[in-house]
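Please read these notes with the sequence and the coordinates open. They take up a few places in turn, as numbered points.

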Amino acid sequence: MAGYFLPTLGNWLANELGLYSILGSSRDTKLLCLQRFVRLLAYGASTLILALYLSSLHISDAKIGLFMSMTLWGDVIISFVLTLFADRLGRRRALMLGAALMTASGVVFAFSGNYWILVAASILGVISPSGNEIGPFKAIEESTLSQLSPAAIRSDIFAWYTLLGNAGTACGIVVCGWLVQWLQTLDGWSPMQAYRIIFAIYAFLGVVKFALSLLLSERCEPQAEKQEYQQVTELDDVEIESLLSSEDDDEPDRSHPKPRPKLPSPSRTPKKSSILPAISPASRAILLKLCLLFAFDSLGGGMASATWMTYFFTTKFSLPEGTLGTLFFVTSIIAALSNLVASSISKRIGLVKTMVFTHLPSAIFLALIPLPSNLVPAMTFLVLRSCTQNMDQAPRQAFLAAAVLPSERTAVMGVVNVVRTLSQSGGPVVTGWLAGMKKFWVAFLVAGGLKAGYDLAMLKLFLGYRSREEMEGADDEAKRSERENA
């Protein structure tokens, strides 16, 4: 009995967690997931010490907040340009260019201590001030994964994509924390020198990401237009054959058959070329609603980013870097594992309900973090928040990918990321201003309220929404039933 039960349980668990989906995915899918791990490894390392590094340069809290906001403004420009033209220029080239900018930023931070030079490097390059995704990578990778993955397993792929990113952040944070703490025990090593070693490692990881981008195949490039054209010409062939067949049945005299109409070849079909991608009216309507909702969520995220969170625990509870890294390593690992549970839940209750019912508790716990005066309750709220903090990410990515046409995904996801980053950029300034006034705790309360409002509005607007793929699948099923009953 046990010999039968255990393999069955193992197969069920592997299927629920999407393990078969990621193992059976293409080489390009695995490379994209590995790129995300490496990138978030670098982001996690820099997140832990970014505010501390700027503070060691005797920069005020208000200017640190301004620095983070200006970094996000630069990211908006880079993300908008690269994601908007990525399908025209080539997705692999866009990813390589982003990796090069990431490397350049790490080099500047490792060798310069001038505030405005660091601002310029963060605006023109790629430095994460929050530990979250920045730059053009996420939109391009998500669009490519949507193209490479069938709709049935797409939520599983996105869950593992998100999990590996969170795992990278966790590893970056814990390694950075203990490495910085160990370097400071060496003779002659100041905190500033230890922080600069981390940015040198950041630059090296950018080189690794560049190399991984070179390994991607041609299948990652956009192919939607070619596929859609082939589908149209195939339909035209069928329709014309049917028409000719009907005409032949009506005409007994076959000595003068009507000439067969010729289909226009791709070379003969005039098509207006445009640099900007086209987005259908239906997709624009959905995009507008989602951008408004994501703006509130991202503003709250910017006010309570991981960088501000580590700075808060350091200044209020005087935690050393190693302990701080371990704490956020644990929360990041919990957040990473929760993504697999989210994929299983979404298969049962749907994407929208999963997004809302998992994200709302984390918003509430976020608002409670600054209230305790002791470390243990504050850490408890932080850990509880991490349990559901990222469970909405994979369902949200799958929902967005299914709601728009395949040829629109890169542009739409790029616009969404730009809106999220632009909204997020307002948060650090507000938090820095509040921290300078000794009102740090207000930022957490407001951030939690904004995120909770986003969840409730999402439930109100999209509960019961059916994506294009779901409607097309329902139509195909109805037509199949009609043919079977005929």
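**Notes on the predicted model**

1. Lys-438 is exposed, with a relative accessible area of 71%; exposed means over 50%, buried under 20% and partly exposed in between, with a 1.4 Å probe and protein chains only. Lys-438 sits in the loop between helix H19 (426-436) and helix H20 (440-462). Helices here are DSSP runs of H or I of at least four residues, numbered from the N terminus. The phi of Lys-438 is near 65°, a positive value in a residue other than glycine.

2. On the basis of the note: this is a predicted model, in which local features need pLDDT of at least 70 and side-chain atom pairs count only at pLDDT 80 or more, while totals for chains, interfaces and linings use all residues. Residues are numbered from 1 along each chain as its sequence is written, and side-chain values use heavy atoms, with hydrogens and water left out.

3. Another positive phi, of about 65°, belongs to His-58, which is not a glycine. Most residues other than glycine have a negative phi. His-58 lies in the loop between H3 and helix H4 (61-84), and counts as exposed at 76% relative accessibility.

4. Is Arg-36 buried or exposed? Arg-36, in helix H3 (residues 27-56), counts as buried, at 3% relative accessibility. Its side chain reaches the backbone oxygen of Tyr-161 at 2.8 Å. This is a polar contact, that is, a pair of N or O atoms within 3.5 Å, where within protein one must be able to donate a hydrogen and the other to accept it, and residues adjacent in sequence count only if both atoms are side-chain atoms. Leaving aside neighbours within four places in sequence, Arg-36 is in contact (heavy atoms within 4.5 Å) with Glu-133, Glu-141, Tyr-161, Thr-162, Gly-165 and Gln-393.

5. Helix H7 (residues 115-124) has Tyr-115, Leu-118, Val-119, Ala-121 and Ser-122 as its buried residues. Seen down the axis of H7, these fall within an arc of 165°, so they line one face of the helix; the arc is that of the directions from the helix axis to the C-beta atoms. Trp-116 and Leu-124, on the other side of H7, are exposed. The N-terminal end of H7 is capped by Asn-114, with a side-chain oxygen 3.0 Å from the backbone nitrogen of Trp-116.

6. The structure holds 2 cavities of 30 Å³ or more. A cavity is a set of points on a 1 Å grid over the protein atoms alone where a 1.4 Å probe fits but cannot get out, and lining residues have an atom within 4 Å of a point. The second largest cavity has a volume of about 80 Å³, volume being the space filled by probe spheres set on the points. Its lining includes Phe-294, Met-413 and Arg-420. Helix H8 (137-148), helix H17 (393-403) and helix H18 (409-424) each supply at least two lining residues, and H18 gives the most, with 4 residues.

7. Ser-423 is also found in helix H18. Ser-423 is buried, with a relative accessible area of 17%. Not counting residues up to four places away in sequence, Ser-423 touches Ala-295, Ser-298 and Leu-299.

8. Leu-23, in helix H2 (residues 19-23), counts as exposed at 58% relative accessibility. The C-alpha atoms of Leu-23 and Ile-157 are separated by 9.7 Å, with the two residues 134 residues apart along the chain.

Definitions and conventions
1 Å grid on protein atoms, 1.4 Å probe; cavity = no way out; pocket = protein on both sides within 12 Å on 5 of 7 lines; lining within 4 Å.
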